[in-house]
Amino acid sequence: METASLERTNLYDQQLKILRRIGEIMGLDGDIVESLSIPERVIQVKVQLKGDTIKTFIGWRSQHNSALGPYKGGIRFHPQVTKEEVIALSMIMTWKNSIMGLPFGGGKGGLRIDPSVLTLPETERVIREYVAQMYKYMGGDFDVPAPDLNTDGQIMAWAVDEYIRLTGKNDFSSFTGKPTELNGISTRSFSTGLGVAEVTKIYAEKFMGGIEGKRIAIHGFGNVGYNSAKFLQEMGGKVVAISDVNGGILDWNGLDVGKVKEFSDRYKTVKDFPAKQISNEELLTLDVDILIPASIEGVINAMNAHSVKAKLIVEGANGPISVKADEILKKRGVIIIPDIIANAGGVIGSYVEWANNKIGGIIEEEEVKRIIRNKMREAMGRVMKTTEKYESDYRTAAMINAVDRVVKSAKLRM
Ligand SMILES: NC(=O)c1ccc[n+]([C@@H]2O[C@H](COP(=O)([O-])OP(=O)(O)OC[C@H]3O[C@@H](n4cnc5c(N)ncnc54)[C@H](O)[C@@H]3O)[C@@H](O)[C@H]2O)c1
């Protein structure tokens with residue numbers, strides 16, 4: 001049986017397969033494909049917390065490709081993170097930054113640690129130690145981490161402070177996702193959701209007669225799910241179903257996203273909100289126009305892909321559709337806007353934060369939103385053209401664009 005966890009362990013293999021397939025479609029030289037499959041640098045760190053006992057943790061930073069600029073990608077804390085996973089994620093960041101037209105390469109960091117067993121002072125010591133081991137390979141001109149799974153603005157604040165302390169340089173561009181008080185940007189909490197809503201609208205305008213009144217189901221109601229729902233509703237979409245880990249709710253006349261959010265803030269779940277109660281499985285197979293998986297990876301898999309009725313799926317989460325499900329949905333003519341575009345609003349926001357810090361700017365929120373929308377529209381334009389040229393799906397077209405830009409810039413530098 002196909003399971004998400006099994007697929008997750010093979011993330012690096014999957015990425016290599018995808019790269020080879022794209023290389024073949026593009027007619028790329030085998031040497032180039034081989035070169036892109038190997039990260040430029042992988043740094044291993046040993047982080048120790050010394051007290052009555054010594055706790056030792058292992059971590060990595062994979063710097064996959066810098067043809068387009070400094071490495072960029074998050075740092076995650078997770079008890080099961082592996083070196084291969086970090087490398088695969090850094091490759092994905094190379095493609096994501098490339099397709100979005102950002103001046104960044106791809107990087108990713110991971111520390112094998114269970115954050116739930118750490119006290120706050122221990123978390124601070126851990127991230128400071130990670131930076132102390134790594135700072136010679138970091139910085140606004142070299143490698144720019146951001147928050148990821150189980151890391152946040154406070155952790156970035158400690159990280160940037162440690163970096164500044166060790167280097168003596170007030171380089172706030174060395175980390176993004178910082179609190180606004182530390183030269184972060186105010187859109188941080190909703191950049192990704194805004195981007196998801198924007199790509200959905202762009203596609204709907206071109207191929208579905210507009211976003212107004214389109215029935216939308218949202219799987220996952222955290223940062224990405226809530227903000228996607230909020231912006232889509234503001235754009236005129238009809239959010240009919242929402243779920244979280246505890247279950248889902250449905251109202252064919254449209255849910256009031258603001259009210260669902262108030263309920264969910266209060267009761268820590270959307271379950272039991274006054275609407276029809278449905279399961280997560282039911283939500284995924286509702287007869288809606290647009291489905292937005294915004295929870296975890298692999299929720300649409302070989303088991304349920306045949307029953308999905310949405311015409312458009314926008315991947316708010318990373319990897320919500322398994323490889324097998326992707327094939328099934330493609331055959332059935334379902335359009336999928338892939339994660340590397342759909343949820344790139346966050347990294348565009350990170351780019352703005354980095355650029356703003358580099359010039360010592362004081363950028364306004366409306367300007368950040370405008371940049372996120374524009375970058376989404378440009379990327380979708382490029383990908384739509386490529387789908388026509390190669391008669392391909394959006395995931396393939398996005399990868400072709402991403403690899404092409406990296407290869408072209410690498411060749412120019414040779
Ligand atoms: N936050 C960002 O800026 C960002 C950027 C890019 C990609 N992503 C990806 O988007 C996804 C969601 O991230 P987030 O920041 O919104 O997370 P989050 O923790 O804020 O929210 C996750 C939501 O998914 C729900 N959920 C978890 N497991 C579920 C399950 N089995 N079935 C149904 N619902 C489930 C949770 O209840 C919660 O509502 C992740 O894949 C993440 O990697 C997030």
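Ser228 touches Gly193, Val196 and Ala197, leaving aside its neighbours within four places in sequence. Contact here means heavy atoms within 4.5 Å. Ser228 sits in helix α8 (residues 223–234). Helices are DSSP runs of H or I with at least four residues, strands are E runs of at least two, and both are numbered from the N terminus. At 0% relative accessibility, Ser228 counts as buried. Buried means under 20% relative accessible area, exposed means over 50%, and partly exposed lies in between (1.4 Å probe, protein chains only).

The model is predicted: local features need pLDDT of at least 70, side-chain atom pairs count only at pLDDT 80 or more, and totals for chains, interfaces and linings use all residues. Residues are numbered from 1 along each chain as its sequence is written, and side-chain values use heavy atoms, with hydrogens and water left out.

An open sheet of five strands runs in the order β1-β2-β4-β3-β5, with mixed pairing. Strands of a sheet pair through backbone hydrogen bonds, either parallel or antiparallel. Two strands count as paired if DSSP finds at least two bridges between them. The edge strands, β1 (41–50) and β5 (143–147), each pair on one side only. From one strand to the next, the twist averages 20°. Strands β1 and β2 (residues 54–65) run antiparallel and are joined by 10 bridges. Leu49 has Lys55 in β2 as its bridge partner. Helix α4 (residues 83–99) lies across β1, β2, β3 (71–78) and β4, and runs at about 150° to β4. Axes are lines fitted to C-alpha atoms, for helices over the stretch in contact, and angles run from 0 to 180 degrees between N-to-C directions.

Strand β4 (residues 105–112) holds Lys108. UniProt, in an unreviewed entry, places the feature "active site" at Lys108. UniProt positions follow the numbering used here, feature names are shortened, and annotations may be inferred rather than shown by experiment. Lys108 counts as buried, at 6% relative accessibility. Neighbours within four places in sequence aside, Lys108 contacts Trp60, Arg61, Ser62, Gly73, Gly74, Arg76, Val86, Leu89, Ser90, Met93 and Asp148.

The UniProt annotation "binding site", also from an unreviewed entry, covers Lys72, Lys96 and Ser350. These residues are spread over 279 residues of sequence, yet they cluster in space, with a largest C-alpha distance of 12.7 Å. Lys72 lies in strand β3. With 1% relative accessibility, Lys72 counts as buried. Ser350 belongs to helix α13 (residues 345–358). Ser350 is buried too, with a relative accessible area of 11%. Apart from its neighbours within four places in sequence, Ser350 is in contact with Lys72, Ala146 and Thr176.

Two packed helices are described by the angle between their axes and the distance between the axes. The axes of helix α14 (residues 365–390) and helix α15 (residues 394–412) come within 8 Å and cross at roughly 110°. Helices α14 and α15 are therefore roughly perpendicular to each other. Angles under 35 degrees count as roughly parallel, over 145 as roughly antiparallel, 65 to 115 as roughly perpendicular and the rest as oblique. Met380, Arg382, Val383, Met384, Thr386, Thr387 and Tyr390 in α14 meet Tyr394, Ala397, Ala398, Ile400 and Asn401 in α15. By class, this contact has eight nonpolar, three polar and one charged residues. Nonpolar covers Ala, Val, Leu, Ile, Met, Phe, Trp, Tyr, Cys and Pro; charged covers Asp, Glu, Lys and Arg; the others, Gly among them, count as polar.
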